Amino acid sequence: MRQNMKRLLAGPYVLWMIGFTIIPLLLVVYYGLTDKNGTFTFANVLSISTPEHMKALLLSLVLSLISTVICLLLAYPLALILRKRGIGQGSFVVFIFILPMWMNFLLRTLAWQTLLEKNGVINGILNILHLPNLAIINTPWAIILGMVYNFLPFMILPIYNVMIKIDDNTINAARDLGAGTLQTLFYIWIPLSVPGIISGITMVFVPALTTFVISSLLGGSKILLIGNVIEQEFTRGSNWNLGSGLSLVLMIFILISMALIAKYDKEGEGTAF
Amino acid sequence: MKRYSLKQFFQDFYLALILIFLYIPILTMIVLSFNNTKSRTLWGGFTLKWYEQMLQDQAILNALNNTLLIAFVSALIATVIGTASAIGINSMKKLPRTVLMGINNIPILNSEIVTGISLMLCFIAFGISLGFKTVLIAHITFNIPYVILSVMPKLRQTSRYTYEAALDLGASPLQAFFKVVFPDILPGILSGFLMAFTMSLDDFIITHFTRGAGIDTLSTLIYSEVRRGIKPSMYALSAVIFVTVLVLLLITNFTPENNRTGSPQGNDAALVRKRNRSARIRKGVLGIASAAVIFIVGFSTYSRYSVSHSNELYVYNWGEYIDESVIEQFEEETGIHVVYDLFETNEEMYPVIEAGAVQYDAVCPSDYMIQKMAENGLLAEINFDNVPNIKNIDPQFLEMSREFDPENKYSVPYTWGTVGILYNTKLIKERNLPVPERWSDLWNPAYEKEILMQDSVRDAFMVALKSMGYSMNTENPDELELAKQKLIEQKPLVQAYVIDQVRDKMIGGEAAVGVIYSGEMLYIQEEVKNQNLDFSLEYVIPEEGTNLWIDSWVIPANARNKENAEKWIDFLCRPDIALKNFEYITYATPNRAAKELLEPELRNNQAIFPDTEKLEGCEVYRYLGDETDAVYNSLWKEVKSN
């Protein structure tokens with residue numbers, strides 16, 4: 001009886017999710033599978049195979065993969081150092097890495113534009129030191145930098161949160177049994193932090209795959225990512241059906257992420273927070 | 001021990017590097033907030049004037065107000081719903097629990113663009129007009145999952161036996177919950193709230209798609225400023241926010257023995273509880289402080305929104321396209337309350353009007369878009385009996401308007417201008433580049449990476465078509481194909497495709513030539529003088545002819561306050577008002593009477609008011625129909641993805 005009462009507490013949430021998550025997604029499906037006159041068609045979804053859409057999708061995949069790998073390589077040692085030192089004990093670390101998010105995301109990205117520009121801050125400093133100039137603004141490298149910068153906290157936090165749950169005794173036991181630094185890393189730390197790694201990967205990969213702001217601010221709009229294509233179909237091309245159809249293609253990657261999370265992070269440990 | 005300290009040095013070094021990486025853009029912004037010039041790259045001395053401007057800028061303050069209010073209210077509601085449902089879900093059987101947790105992951109994992117778009121489609125489909133409440137609903141929707149994810153683990157850690165013991169000892173379920181379970185899951189609830197608050201604060205994409213008239217958050221305000229150049233007062237605001245948060249953070253974490261998120265490892269339970277309590281007290285202080293701020297913010301918002309306006313006017317205009325004191329003056333003189341909203345491109349404005357997501361009364365689109373709206377039945381005929389000041393408009397422009405509004409019945413010209421090439425005299429000289437005179441000069445390989453092109457379909461194709469001597473309104477597929485190839489050929493020479501940013505980039509000396517709207521010239525010449533730049537920027541109308549554009553006021557067919565809209569348009573045609581607007585916008589005014597009032601120097605400025613013979617070969621954009629539009633769009637995508 002009591003349990004039933006408790007379950008009812010989820011009622012408002014279930015209604016909310018149906019109203020504002022499920023139904024809106026079904027609408028995207030509806031728009032994606034119909035044309036302007038409302039007749040059923042696969043044309044919007046299949047248009048992903050046109051050369052310009054395919055190119056945009058592939059480029060997005062490549063750039064977001066590179067960014068994800070860089071984020072992982074940067075974040076893992078960092079989380080490990082923080083964990084080993086027990087720095088800040090929880091919330092402080094979280095604060096240090098979410099604090100930049102209180103500065104507006106657009107402003108931070110724009111600040112990178114200021115730093116990287118031809119006559120920007122970094123080149124100004126390089127000029128003073130008589131060093132060759134950095135010319136990565138408006139190239140894919142600037143976009144990767146922007147992605148890594150914006151999404152790095154989403155890689156650090158889940159990994160760190162999983163790591164602090166690993167018992168010191170497990171590590172000590174491995175040490176006592178003669179495992180070296182590398183062995184402890186590969187046989188203890190990494191296997192035990194898989195939920196955090198997977199969660200971090202999806203939390204970096206998905207937003208990086210679909211961004212349109214970073215590419216237009218740091219890529220000089222010369223580089224078209226799939227997010228830009230979709231955004232432009234909605235805001236400039238006025239073709240909502242095509243935009244929805246392409247969004248459906250993107251949702252495939254989201255479903256893959258959900259499946260990965262369900263497989264490797266059953267307990268929901270690897271959350272960022 | 002030596003080896004250890006070396007290792008520690010590397011670790012410190014690594015930590016420092018990452019922190020520098022994370023904080024360097026923030027530092028840059030803080031430095032810029034004290035920079036005496038508007039330039040993002042030149043240091044002009046220390047100043048506090050942007051902080052003063054920030055405090056006087058109503059748009060920024062309103063946006064800040066909205067941002068905080070939305071973040072706080074959405075986080076609060078999400079925390080209540082999320083905590084309740086976490087408890088509910090936790091007591092479910094495995095299958096429903098897994099399903100619900102799966103659904104819970106959707107808003108987190110789904111790309112923001114899909115979430116935003118899906119919500120927008122949903123609001124429009126159910127006839128919910130976009131505005132404050134839709135943004136709030138959207139934020140609550142993506143906030144709930146974060147709360148659930150942070151409450152759930154805490155809930156798992158609590159033992160259900162203590163709860164049952166409390167019940168057995170005679171506590172009511174509510175008492176048992178608040179005395180036993182609640183204290184245990186409180187850290188999860190608090191961090192869920194904090195996370196929700198942060199996510200809401202930082203969100204741009206979802207807000208972008210779900211917001212409506214007159215509601216801006218900091219993100220959307222900044223995005224609209226990005227195109228025209230960020231006001232330094234925005235940096236000042238960010239610096240203030242950042243320092244405030246940093247100080248709060250330092251206060252709450254001053255004592256380092258904060259409890260770990262994991263299970264406490266100390267054996268002394270009493271000590272742990274004590275620590276928890278002191279942590280909770282600090283968090284309480286933080287909570288009260290922020291609640292006080294929010295209360296003030298909320299109250300001021302409430303008082304602003306609760307004043308009901310029976311006599312309203314919804315205006316939809318380009319960014320920075322009016323002197324704000326004009327709006328105030330209109331409100332004072334007529335008693336009509338103006339709700340003012342901005343759009344960036346014609347194409348962005350169109351679906352909003354078409355879907356009726358917000359019912360605007362007066363809109364200011366460009367020529368070809370007016371034709372499209374009229375042809376699709378979206379415009380109401382203006383009753384010119386209510387617009388006597390139309391007599392001030394130069395008949396020349398009413399004549400030109402016939403290109404897109406054949407009977408002059410839907411539109412009243414507001415501004416006009418040309419598109420031309422802006423060049424940096426110094427860079428041209430230094431690198432021995434030819435002075436551009438024709439569009440075809442933009443294909444000169446000597447300009448490699450020195451060209452800023454317009455990032456809009458029609459303008460980009462106009463440049464290519466005109467350079468080959470074709471009409472910019474062509475529907476001929478062969479000509480369009482050639483233009484596409486021409487643009488692809490030009491792409492390696494282009495530094496970036498930009499819209500309004502071309503202005504600031506040229507002032508910053510980033511590129512040698514740029515395609516620009518003539519109306520920017522006064523501002524540019526002013527800034528070149530103000531910043532004491534060592535070069536000048538000159539404007540040419542290319543010999544092949546260019547786009548002559550007209551932005552005009554129209555009234556949508558679904559307007560609710562048509563007479564107010566006519567009053568508004570008439571007001572804007574008054575010479576003194578048109579003059580005021582010209583001085584602010586600096587785009588040429590078609591208002592003859594207002595132009596008479598200008599100083600001769602301005603009136604004869606060739607960049608702004610070119611002689612009529614220079615306009616030979618110029619065309620006005622026409623709407624080419626949905627199918628041709630689609631052709632242009634897909635060709636442009638081919639250019640961009642190449």
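Predicted model: local features only at pLDDT ≥ 70, side-chain atom pairs only at ≥ 80, totals over all residues.
Local features need pLDDT of at least 70 and side-chain atom pairs count only at pLDDT 80 or more, while totals for chains, interfaces and linings use all residues. Residues are numbered from 1 along each chain as its sequence is written, and chains are lettered from A in the order in which they are written.

**View 1. The two domains of chain A.** Chain A is divided into domain 1 (1-32) and domain 2 (43-264), with bounds from an automatic or database domain assignment. Their C-alpha centres lie 30 Å apart. Four residues of domain 1 are in contact with eight residues of domain 2 (contact: C-beta atoms, placed from the backbone, within 7 Å).

**View 2. Helix α14 of chain A against helix α4 of chain B.** The axes of α14(A) (residues 240-264) and α4(B) (residues 94-109) come within 10 Å and cross at roughly 130°; axes are lines fitted to C-alpha atoms over the stretch in contact, with angles from 0 to 180 degrees between N-to-C directions. The contact is made by A:Ile254, A:Ser257, A:Met258, A:Ile261 and A:Ala262 of α14(A) and by B:Gly102, B:Asn105 and B:Leu109 of α4(B). Helices (H or I, at least four residues) and strands (E, at least two) are DSSP runs, numbered from the N terminus.

**View 3. Helix α18 of chain B.** Of the 11 residues of α18(B) (residues 457-467), 10 are buried, so this helix is largely enclosed by the rest of the structure (buried: 20 or more other C-beta atoms within 10 Å of the residue's own, C-beta atoms being placed from the backbone). The buried residues pack against β5 (412-424), β6 (451-454), α19 (477-490), β8 (513-517) and α26 (626-641) of chain B. Just after α18(B), B:Gly469 has a positive phi of about 85°.

Methods
Contact = placed C-beta atoms within 7 Å. Buried ≥ 20, exposed ≤ 12 C-beta atoms within 10 Å, placed from the backbone.
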